[in-house]
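Visitor: I would like to learn how to read a structure like this one, feature by feature. Could we start with single residues and work outward?

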Amino acid sequence: MSQDSHPNLFIVPTPIGNLQDITLRAIEVLKQADVILAEDTRTSGILLKHLNISRPLQSYHIFNEHKAVEKLVERMKGGEHFALISDAGTPAISDPGFLLVRAVIQAGLEVQCLPGPTAFVPALVNSGLPNDRFVFEGFLPHKKGRKTRIENLVEEVRTMIFYESTHRIQKTLVQLAEAFGEDRQACVSRELTKLHEENARGTLKELIEYYQTHPVKGEIVLVVAGKNPKA
Ligand code: SAM
């Protein structure tokens, strides 16, 4: 058992578009951190300036994650308190963070993730698809292992959530229609919390047709219904 009175590491979600989505507690925690670890110090610098937060910033991204973890844990043992942020949303959710969280726990130190913005929750709820049980698939591999990942989901009865990019969404919709059947219900959530937010709902076939005539711009979450167990 462990106590969470003064965590050595806070995981702090930041807005996925609308800057008003930062929480009061996130601001407070960032203001009190000895060091803020950021995926991209330039991107986060803009947000922190907007929030009037001036704390030392250190870069923490997938390219230095493995190397950085050990040193950071040592510094935490020495008494420094850190806050980790990513470019948008909740760190460690399809973003750097997991390795650090695991190392902090293994070292017997305290980690606490604040609740806050993340793209998959509003996408799931907006989809109108069953959300009592769901599976987060994150990004599908671009090439190697992609087919197997999709094949392994053919019998999945829970609602599935995928992160996707604009230039691959059409290919993904087509491949999922081939695997799951083109009548499977789905929802493409685009630009969540931003000015041009769009939630396009329909069958995979309808969505494929829709995006043949509508250019896809911005960031995307794809939510797909699970297999109907009675079918
Ligand atoms: N850590 C983030 C989170 O908590 O959601 C995810 C980071 S991941 C590198 C970026 C992906 O999240 C995008 O490619 C997209 O699939 C999704 N995403 C992030 N912001 C979004 C938004 N405003 N609308 C739709 N999808 C978004």
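This is a predicted model: local features need pLDDT of at least 70, side-chain atom pairs count only at pLDDT 80 or more; totals for chains, interfaces and linings use all residues.

Visitor: What is the phi of threonine 193 near?

Guide: The phi of threonine 193 is near 70°, which is a positive value in a residue other than glycine. Asparagine 52 also has a positive phi, near 60°, and is likewise not a glycine. Asparagine 52 is placed in the loop between α2 (41-50) and β3 (57-59). At 68% relative accessibility, asparagine 52 counts as exposed. For a glycine with positive phi, look just after α4, where glycine 108 has a value of about 80°.

Visitor: Now the chain as a whole. How many helices and strands does the protein chain have?

Guide: The protein chain has eight helices and ten strands. The C-alpha trace spans about 55 × 35 × 30 Å along its principal axes. Of the 231 residues, 47% count as buried. To see how the chain folds back on itself, take the contacts between residues at least 6 apart in sequence: 70% of them join residues at least 24 apart.

Visitor: How is the packing of two helices described?

Guide: Two packed helices are described by the angle between their axes and by the distance between those axes. Here, helix α3 (residues 65-77) and helix α4 (residues 98-106) pack at an angle of about 35°, and their axes are 9 Å apart. The crossing of α3 past α4 is right-handed.

Visitor: Which residues make the contact?

Guide: From α3 the contact uses Glu65, His66, Val69, Leu72, Val73 and Met76, and from α4 it uses Phe98, Leu99, Leu100, Ala103 and Val104. By class, the contact of α3 with α4 has nine nonpolar residues, one polar and one charged.

Visitor: Why do residues three or four places apart in a helix point the same way?

Guide: An α-helix has 3.6 residues a turn, so residues at that spacing point the same way. The α3 side of the contact, with Val69, Leu72, Val73 and Met76 among its residues, can be read with that in mind.

Visitor: Which residues of α4 are buried?

Guide: Leu99, Leu100, Val101, Ala103 and Val104 are buried in α4. The cover over the buried residues of α4 includes β1 (9-11), β2 (35-38), α3 and β5 (111-113).

Visitor: Next, the aromatic rings. How is a pair of them described?

Guide: A pair of aromatic rings is described by the distance of the centres and the angle of the planes. A search of the whole structure finds five aromatic pairs. In one of them, phenylalanine 120 and phenylalanine 134, the ring centres are 6.3 Å apart and the planes are at 50°, so the pair is tilted. Phenylalanine 120 is in helix α5 (residues 120-127) and phenylalanine 134 is in strand β6 (residues 134-139), 14 residues apart. Phenylalanine 120 counts as buried at 14% relative accessibility, while phenylalanine 134 is partly exposed at 35%.

Visitor: Why is the pair of phenylalanine 139 and tyrosine 163 edge-to-face?

Guide: Their ring planes are at 70°, and the centres are 5.8 Å apart, so the pair is edge-to-face; planes over 60 degrees apart count that way. Phenylalanine 139 lies in strand β6 and tyrosine 163 in strand β7 (residues 159-164), so the pair ties together parts that are 24 residues apart in sequence. Phenylalanine 139 is partly exposed at 45% relative accessibility, and tyrosine 163 is buried at 9%. Ring pairs link Phe120, Phe134, Phe136, Phe139 and Tyr163 into a cluster.

Visitor: What is a disulfide, and to how many does the count come?

Guide: A disulfide is a covalent bond between the sulfur atoms of two cysteines. In this model the count comes to zero disulfides. Cysteine 113 is partly exposed, with a relative accessible area of 46%, whereas cysteine 187 is buried at 0%.

Visitor: One last residue. Where is glutamate 155 found?

Guide: Glutamate 155 is in the loop between α6 (146-151) and β7. At 55% relative accessibility, glutamate 155 counts as exposed. The C-alpha atoms of glutamate 155 and phenylalanine 180 are separated by 8.6 Å, and these two residues are 25 apart along the chain.

Technical notes
Residues are numbered from 1 along each chain as its sequence is written. Side-chain values use heavy atoms; hydrogens and water are left out. Axes are lines fitted to C-alpha atoms, for helices over the stretch in contact, and angles run from 0 to 180 degrees between N-to-C directions. Helices (H or I, at least four residues) and strands (E, at least two) are DSSP runs, numbered from the N terminus. A crossing is left-handed if the near helix is turned anticlockwise from the far one by less than a right angle, and right-handed if clockwise. Contact means heavy atoms within 4.5 Å. Ala, Val, Leu, Ile, Met, Phe, Trp, Tyr, Cys and Pro count as nonpolar, Asp, Glu, Lys and Arg as charged, and the others, Gly among them, as polar. A disulfide is a pair of cysteine sulfur atoms within 2.5 Å. Buried means under 20% relative accessible area, exposed over 50%, partly exposed in between (1.4 Å probe, protein chains only). Rings of Phe, Tyr and Trp (its six-membered ring) pair if their centres lie within 6.5 Å; planes under 30 degrees apart count as stacked, over 60 as edge-to-face and the rest as tilted.
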